[in-house]
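Please read the following briefing alongside the sequence and the coordinates. It moves from the arrangement of the copies to the domains, and then to a few local features.

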2 protein chains.
Amino acid sequence: MNAPAHPESLRREVPAALIDALLARFGDRASVAQAVRDHHGRDESPYPTMAPDAVVFAESTDDVVAVAKLCNEHHVPLIPFGAGSSLEGNFLAIEGGVSLDVSRMNAIVAIHPEDLTATVQAGVTRKQLNSEIRDTGLFFPIDPGADASLGGMAATRASGTNAVRYGTMRENVVALTVVTADGRVIRTTRRARKSSAGYDLTRLFVGSEGTLGIITEVTVRLYPQPEAVSAAVCNFNTVDDAVKSVIEAIQMGVPLARVELLDAMGVKAVNAYSKISLRETPILLFEFHGSPASVAEQAATVQEITKENGGMDFEWASQAEDRNRLWTARHNTYFATLQLRPGARSCTTDVCVPISRLAECIRETGADLATAGFISSIIGHVGDGNFHVQMLINPDDPAEWDLAESINRKLVTRALAMDGTCTGEHGVGLHKMQFMLDEHGEDGLGLMRQLKHTLDPNNIMNPGKIFSWA
Amino acid sequence: MNAPAHPESLRREVPAALIDALLARFGDRASVAQAVRDHHGRDESPYPTMAPDAVVFAESTDDVVAVAKLCNEHHVPLIPFGAGSSLEGNFLAIEGGVSLDVSRMNAIVAIHPEDLTATVQAGVTRKQLNSEIRDTGLFFPIDPGADASLGGMAATRASGTNAVRYGTMRENVVALTVVTADGRVIRTTRRARKSSAGYDLTRLFVGSEGTLGIITEVTVRLYPQPEAVSAAVCNFNTVDDAVKSVIEAIQMGVPLARVELLDAMGVKAVNAYSKISLRETPILLFEFHGSPASVAEQAATVQEITKENGGMDFEWASQAEDRNRLWTARHNTYFATLQLRPGARSCTTDVCVPISRLAECIRETGADLATAGFISSIIGHVGDGNFHVQMLINPDDPAEWDLAESINRKLVTRALAMDGTCTGEHGVGLHKMQFMLDEHGEDGLGLMRQLKHTLDPNNIMNPGKIFSWA
């Protein structure tokens, strides 16, 4: 897992004066209890726990300002914590410090249905937001697997299955409120749909993983709930045929809302887990949004395209029940795959390549996996050229870890050679830092480092993540 | 026009050694001829000419690197020049220096139809790009009024009539090649549709108006040419009714490709100029993209909505000829309005507000204009909450200038009070600098200034634009 050999050696000294000041200001909203610290030093990655020295539960932007000022004064790391669902070690306290938990900042600040925007505190989760706005006839489409917080989703530039139609957090964050290392409160922009008034401060923080500032409020775009939704599933002999179908559908202008690829092992896993009986070949799972006539037309066009590419068993699910069965199966892929090897842990990777190279990238990765011997599945947000490999590893066998890591490195190297990226949606965290130089070059990475040094001269904001300080 | 009282006093000294070095390296691709300099010191704004001291015609990124290094060494301003179609004084040489003309950098670098991307040199214009890709079945939708260069459009975060459906340059730039003040060449990201690999360097430069670096290559998103296109026009008694119709259509999920508002004076102008006979009330001009069945359905839905909001004379133009007539009239609004007062110059402003406030903003602005006495029209990219006011001014009457500027200031103040922005798509240039503090606050503007100081410590990149150095 490419974990640092001696993470303990990286921990900074945390002065008692800081801890005392936090306890004095926040009372029982600050904690140094080991269980609380451990909970904030563990994500969904297989990294060992790296606990912060203290945890503060913020309830307001002012709380965050107070903690930032204290940490900055003492040069102590400050790490935001949302829903804890990161996959790449993004918030682990590798240098110790204070974890700032925003999960209690879960208020809906404002909903503007006519403007299709909602402003929420950073700890609001995507499911909470969608539940709160249901009556407006609107929804928020970005759906990473977990019920992540909006602040965390902005910080990692998250996306999910709807990105092919609705974009990622990059496109769907309208504005942010951010607290910088020195305790300034920045409102990145206003609520207009577009603006040419100066630098794009919003996008400076989207994807910065807490290393430039702490997001305390997020304004996002909302969309009308589609009048009609239908789904379809189709089997293919090869991943190539499936990808070719997607490329053709996009080029014909079919406004696919979702299109997900599962390889044969992925299908096998969901069959067993969700008690369904899809043929165990690569499949595409489509979802169409629009008027009833439009989704019918989209499905018909896609059926035609898939047929020409050797698609089999095209099944159209216009009933909510059938559709939910399929999509629930898709959403359970991660856990379904885990069941294929009891006791295993999951090593998950995430690359994104131009879609013209996607089939080739998956094919070559599949060949690597076939020689590895352990169970794995590939699922892809195929309309974006983004896919995940889930490798099931015996956590007690270092050789399996090493092999999984070596496949991961080969995969990223392959993706970069195809003008792709080392992470489509999980973020860099600790796990992908090793690839940042290859991806961005000396000058690109140097520019990122300049930005970091400028905004966070004492290196307190989630230090040791994305890239090294020097 | 809020021009500096003594722009000459701001000019920096340009050492003869620099001019000599430019002439030596670039030969007849460098010029100090007054006519060439004047041409590069004049845009579509009413500002007086502010000529650079020299002009270099770049043909490659290497050329730009060489000029940047020389200018940086001598602390001499360096200003990129594309198609020269800016509206807010964006590239005027207020501190003198070197204009770097990229119009000869007009090569298509790569087209990837399967990936829906094109990479072009910065001097390629939007019409050139669309002409080059026509055979692929794809198109590039961003359409500011002028045939601007892609580099300039990225630098000002431009948009146009298609933004309601396809987004602005913010959403449609995939990657940039940028030369920084010290001559580094940054490739901002790779060609994958999405990435979570570190800071969003692309968006750092989109909208920075040449103040952080010079864009030399642009990779943009392309879209399938719609299978069918139809247009419709509808009259309303009031702007409120028109805006209400747009809000309802968007909330119902109608995927409007374009929706433009013209006020009664705008309609009068296009009637006279384009020899058409629309009723002279506020109108909405719609365009629908999709399959034949889908565009028919969209038009029917919109007709229903407009009818409920007092819309009159709904006319559906599915024939290319009728459609072109309408849209050509729309595209000629600027010149058509100019004809209403021969000899006048045009003072054009550009604000964007949340759409829920748009009708109110236009109504109050209309009241200001009614008392002003000179001829004016309002046209709006109404789906985005963005509109322009065109005021026809006697260029020899300072009182009219002052009045136009005072209306502009009132309008921007109104837009900011509505959580809007001082510019939706023209950029800040010189003209909107006065509003940046109100729009972004001390901390937001301070952060932009930090970024500028970090990337351009000698303040050579298009200095004196967007915000002041200190």
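**Two copies and their local features**

The same surface serves both copies, since 100% of the contact residues of chain A recur in chain B, where contact means heavy atoms within 4.5 Å.

This is a predicted model, in which local features need pLDDT of at least 70 and side-chain atom pairs count only at pLDDT 80 or more, while totals for chains, interfaces and linings use all residues. Residues are numbered from 1 along each chain as its sequence is written, chains are lettered from A and ligands numbered from 1 in the order in which they are written, and side-chain values use heavy atoms, with hydrogens and water left out.

**Domains and annotation of chain A**

- The domain assignment, which comes from an automatic or database source, gives domain 1 (7-103) and domain 2 (228-334) in chain A.
- The C-alpha centres of domain 1 and domain 2 of chain A lie 43 Å apart.
- An unreviewed UniProt entry annotates residues 48-225 of chain A as "domain: FAD-binding PCMH-type"; such annotations may be inferred rather than shown by experiment.
- This span of residues 48-225 is 23% helix and 25% strand, and its end C-alpha atoms lie 41 Å apart; helices (H or I, at least four residues) and strands (E, at least two) are DSSP runs, numbered from the N terminus.

**Helix H11 of chain A**

- At 1.5 Å a residue, the 17 residues of H11(A) (residues 292-308) should span 24 Å, and the end C-alpha atoms are 25 Å apart, which agrees; the expected span is 1.5 Å times one less than the number of residues.
- Among the buried residues of H11(A) are A:Val295, A:Ala299, A:Val302 and A:Ile305, buried meaning under 20% relative accessible area, exposed over 50% and partly exposed in between (1.4 Å probe, protein chains only).
- Seen down the axis of H11(A), the buried residues fall within an arc of 130°, so they line one face of the helix; the arc is that of the directions from the helix axis to the C-beta atoms.
- The buried residues of H11(A) pack against elements including strand E12 (228-235) and helix H9 (239-251) of chain A, together with helix H11 (292-308) of chain B.
- The face turned away from the buried side of H11(A) carries the exposed residues A:Lys307 and A:Glu308.

- B:Gly167 lies in the loop between helix H6 (163-166) and helix H7 (169-172) of chain B, and at 11% relative accessibility B:Gly167 counts as buried.
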